[in-house]
Number of protein chains: 4
Amino acid sequence: MVVVMEPKASEEMVQDVIKHLKEMGFEIHRSDGVTHTILGAVGDKTGIDIRQLEVLEGVHEVIRISEPYKLASRSFKRENTVIRLGDVSIGGDEVTVAAGPCAVESEEQIMIIAETVKKLGAKLLRGGAFKPRTSPYSFQGLGEAGLKYLRKAADKFGLLAITEVVDVGHVPLVLRYADVLQVGARNMQNFMLLRELGKVQKPVMLKRGMSATIEEWLMASEYILTGGNDQVILCERGIRTFENYTRNTLDISAVPIVKKLSHLPVFTDPSHGTGIRNKVIPMARASVAAGADGIIVEVHHDPDHAKSDGAQSIFPYQLEELMKELRIIARAVGRTL
Amino acid sequence: MVVVMEPKASEEMVQDVIKHLKEMGFEIHRSDGVTHTILGAVGDKTGIDIRQLEVLEGVHEVIRISEPYKLASRSFKRENTVIRLGDVSIGGDEVTVAAGPCAVESEEQIMIIAETVKKLGAKLLRGGAFKPRTSPYSFQGLGEAGLKYLRKAADKFGLLAITEVVDVGHVPLVLRYADVLQVGARNMQNFMLLRELGKVQKPVMLKRGMSATIEEWLMASEYILTGGNDQVILCERGIRTFENYTRNTLDISAVPIVKKLSHLPVFTDPSHGTGIRNKVIPMARASVAAGADGIIVEVHHDPDHAKSDGAQSIFPYQLEELMKELRIIARAVGRTL
Amino acid sequence: MVVVMEPKASEEMVQDVIKHLKEMGFEIHRSDGVTHTILGAVGDKTGIDIRQLEVLEGVHEVIRISEPYKLASRSFKRENTVIRLGDVSIGGDEVTVAAGPCAVESEEQIMIIAETVKKLGAKLLRGGAFKPRTSPYSFQGLGEAGLKYLRKAADKFGLLAITEVVDVGHVPLVLRYADVLQVGARNMQNFMLLRELGKVQKPVMLKRGMSATIEEWLMASEYILTGGNDQVILCERGIRTFENYTRNTLDISAVPIVKKLSHLPVFTDPSHGTGIRNKVIPMARASVAAGADGIIVEVHHDPDHAKSDGAQSIFPYQLEELMKELRIIARAVGRTL
Amino acid sequence: MVVVMEPKASEEMVQDVIKHLKEMGFEIHRSDGVTHTILGAVGDKTGIDIRQLEVLEGVHEVIRISEPYKLASRSFKRENTVIRLGDVSIGGDEVTVAAGPCAVESEEQIMIIAETVKKLGAKLLRGGAFKPRTSPYSFQGLGEAGLKYLRKAADKFGLLAITEVVDVGHVPLVLRYADVLQVGARNMQNFMLLRELGKVQKPVMLKRGMSATIEEWLMASEYILTGGNDQVILCERGIRTFENYTRNTLDISAVPIVKKLSHLPVFTDPSHGTGIRNKVIPMARASVAAGADGIIVEVHHDPDHAKSDGAQSIFPYQLEELMKELRIIARAVGRTL
């Protein structure tokens, strides 16, 4: 940490800041410049609120040098984290596609979609059983029955099952059926849930909150990592901006940024990231071109009658076309699919 | 709902849309203009995803006429909701002040602050026991001990206790100690928690999410209201914008907007809304001037040593000054304090 | 400036950074900590792009210590700038109100409104003659005729005239008629125009751009100040956020922030800042409560037939009510009106 | 336009709205539903402020049916606009690359870079002569000398020259030297400048403002198009969001959106869109993958000593690598390069 004093800070003020820094456990390197006195605070502290120093008299600015996250950082672990699930590797050379309906609606529906998803080369089958909906009047999912159908479909077609967990109390239930647990954007800072998932032996896909900075997102992953679960997949799903032609703005630049800051695999969700069917495909291509380790995409054989998010679900023939294009783009960036 | 067809939409397309609307349970009023055909869809439906219609062929635009929330709406209930807790009325003529530390740190600390808070005229004592922190390395609160100290202090000085509940599993515990339960910004769309609070007999203060639109915020309140708990207080606490001089931008315009759309009381939290001590006071004044029913503000007798958010906590002497100013401003807008 | 090196930066890298800093004219204070080497760069440089240093090998972070603006800064000038125009003082103890129609529409219209504005106690008469409109199909103003009518009305009722200048080529023309020149939000970074206004002997009101940070806004004022014109009034008029219930979100927190960073007077424009008539009044009150030196507000005797922005213009009787409320609030914050 | 009346609107209120609509020149289709009366207003009007109707008593909501822009719309012109400049076609099957330094710094510099740019297959040479800089203390460009060097370099290597014009007064000068005129993000709503460029016979690249909605951007292009100049290229260059790891967030989703709404070619500027060298390449790839008609990218042979934006300029070897990748990606989306 570096504390820059005001030009007119008195020696008394400088000493007061030094006292505070020492109380916090730092070692101090002082440097008196022509105008400013600068205090370098050395020590491996985390969880400090730098504003506590900023409000001290005579302090001009306080700069945190090290990132507030550790286990998620590339300084902590240089090589990419590769998550292995049977013969699927997430975060390695291969680009991974997860596909399926927004919500599991019936056994028949998930079976039809799973068959297509498998045939077209996706490795994970997505499908929600507990749906966190903006409106209390909307379809809220099939609950445990949905989980059962999802598991059955995944098993039948040799796919991995990924589904969302929305509450601490549901973790044991979802663990029984899913291969990968998903934390939705609205729960990115549900710290109780994150802690619980830190104790789990299965991979967790952590979606970025709609207004979360990249730093906050990595801090949220830190809650899972510090619990002992190092299998975290990050997933960008659109941030909120002033533009409202699309529901959200898929922040593709987050992909190269996070790949640099962290060793964790990064996916995007172009379905929630745009909210409109005909924008899903170009944004999926753009994600892989930007270096994403995978995408999670909504597909439905009859989106007109989907119980949720039909408007952003692509048709099977569109997924087929997309897979072809992604294979070429993956090659252009030195990956396979 | 109004569906506007494309200028070149065929009769077949129009009939297809009509079919969908009927399936959804609407009655249709058709109007053929010179360029556009317009379908008025009449019926009291909620929880419909209008994008389902937008993706139909030949549809130009779909416009939802009624708000997606009901119980929270002023069309549903014209008079202001006034919440009575003993001799305190929230949402009536009086402007209510809730004050206290960010976190309960010890029995002594909360006692000292409660005494000041009472003396200066605030009616609610705030203090967190379970702290949702961005970093897993930061102070996470005293847990149940914190709740006990808060209750004790509130009782001793004749104040009402307000504190945050962060998880469904904690609701019974927090209910035992608090008079008002608070839902934090990060949990605004934790729908499991909201549903649980719908069953509770005590008032709930629902903070606005950092990137929540006003509509989403009112929809979140709807989750509590539909459960049967009509004692909801809304609280604006800063939204995320590109400006980063302050942590968040306190959206004071939300106050008059929500007062028009809804009958629920509206507070602001200038402490979290700015994150900097010397901005708290002007923004508190501005909130009351804009018509807020109350404010919730962080105060600490020794903010330099506060375990969380010290930098945004005001000193007791500042609260004293603020209360004086607020009394004058309240009068200017036809309120008392 | 402070350059923080990476933990593993080699001595060669450190020397390379030192070489660059010296080329830029800085004197260097080096401090080798346990993990990081920190270079304090001392010297009074402006206009440096710190990213030039950030991309050097081994550099962890570069922190600018001094604000990039000078003449606008409170470090440069501690006392408030007070602009005197006849018996009107802007930025002193008094809160100043500027009022009038969005656009001058006819001699009769501006005369009617000017009379009201004067009677109710406003000191400046606003009215646009050249209107920058989002659509080329909208009313674009009366041009010079508008300026003439504005001047005539101001003279008749003893008011000061404020109007917008939209292009370098128009400056001499507008100077002939106006007492205060206004730069609109869309032109906040029209640097050619700002430079031109730096040579002018009349006050300039500089509106904040819809997505301008406070730092960029102060930098824009610096373009005027460095030209020799020290009569700059800053005006917050709403920033763009994800919330679209209102056209813009009036950032009232900008008022106390700018008052701390700069000595220049700060106004708000609650009419453009909200875009809806019934939100103008609460936001005007909130602005004064937060410490604004004045407001600029749109008023029209017949807003239903206004040629532009009628929907956000208040009625004369509303201005009357507002002036009363503002007088009480001004007193609460130690000002007069 | 559709006007939806409040459930409790009286017949008098309905008649008042009808009167207003007729005054505006609309023909009215009335439809009385169970709860709401809906008025369809038919007529080809532009430049109407719908808020004028929204404030009328009894009005619930007013919905504009047609886009406020016309000439830029795909409803107006279905086939893509292809701009031909010698043997270069912009907006056709081919993806076009414009490359060069941020600013022309000397004859030698632009010659060195032009040679590389040509060799690597770019078709346009970019280079600024008048630089609109946030700080008045930063390098402001070489002015006319810069234009001369740019022209000379473009001629020598058979490239087209693109450069920014910042003021109405500069248009004739820039026209003398450039093949394509660029309007920067800060000038996107400098309507005087846009009108002037409507009279010009050369293509104009219109950058999106940092906080401009897509609709406003298309409206700005309408100012040029209505003047008679139909050669407009749109360029997305990053919007402002809360994330500040990058200067701006390149909104790649704007590419497929604008391609659908408009017939005009769409470029992206990944250099300004990210502001950091190592993010430029992934975002350039993503742009082409999303369907952009071209990119404009900053390249410098010695970015360490560039007078502006060196930190976001890529090295020639990086451009070479990028061109190879873009060729593969272009093919994947059915284009050539």
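User: What makes helix 8 of chain B mostly covered?

Analyst: In this predicted model, seven of the eight residues of helix 8 (residues 254-261) of chain B are buried, where buried means under 20% relative accessible area, exposed over 50% and partly exposed in between, with a 1.4 Å probe and protein chains only. The buried residues are B:A254, B:V255, B:P256, B:I257, B:V258, B:K259 and B:L261. Helices are DSSP runs of H or I with at least four residues, strands are runs of E with at least two, and both are numbered from the N terminus.

User: Which elements cover the buried residues of helix 8 of chain B?

Analyst: The cover includes helix 7 (214-225), strand 12 (232-236) and strand 13 (266-268) of chain B, together with helix 10 (277-289) of chain C. Contact here means heavy atoms within 4.5 Å.

User: Which conventions lie behind these values?

Analyst: Residues are numbered from 1 along each chain as its sequence is written, while chains are lettered from A and ligands numbered from 1 in the order in which they are written. As this is a predicted model, local features need pLDDT of at least 70 and side-chain atom pairs count only at pLDDT 80 or more, whereas totals for chains, interfaces and linings use all residues, and side-chain values use heavy atoms, with hydrogens and water left out.

User: What is the N to O distance between C:R240 and D:E216?

Analyst: Their side chains meet at 2.6 Å, in a salt bridge, and across the interface of chain C and chain D the rule finds two.

User: How much area is buried between chain C and chain D?

Analyst: About 4,400 Å² is buried there, with carbon and sulfur atoms giving 47%; buried area is the accessible area (1.4 Å probe) that two parts lose on being put together, summed over both. C:R51, C:Q52 and C:Y137 supply 16% of the area that chain C buries against chain D, more than any other three residues. The contact takes 52 residues from each of chain C and chain D.

User: And what is buried between chain A and chain D?

Analyst: About 2,900 Å² is buried between chain A and chain D, of which carbon and sulfur atoms give 73%, and the contact takes 35 residues from each chain.

Definitions and conventions. A salt bridge is a side-chain nitrogen of Lys or Arg within 4 Å of a carboxyl oxygen of Asp or Glu.
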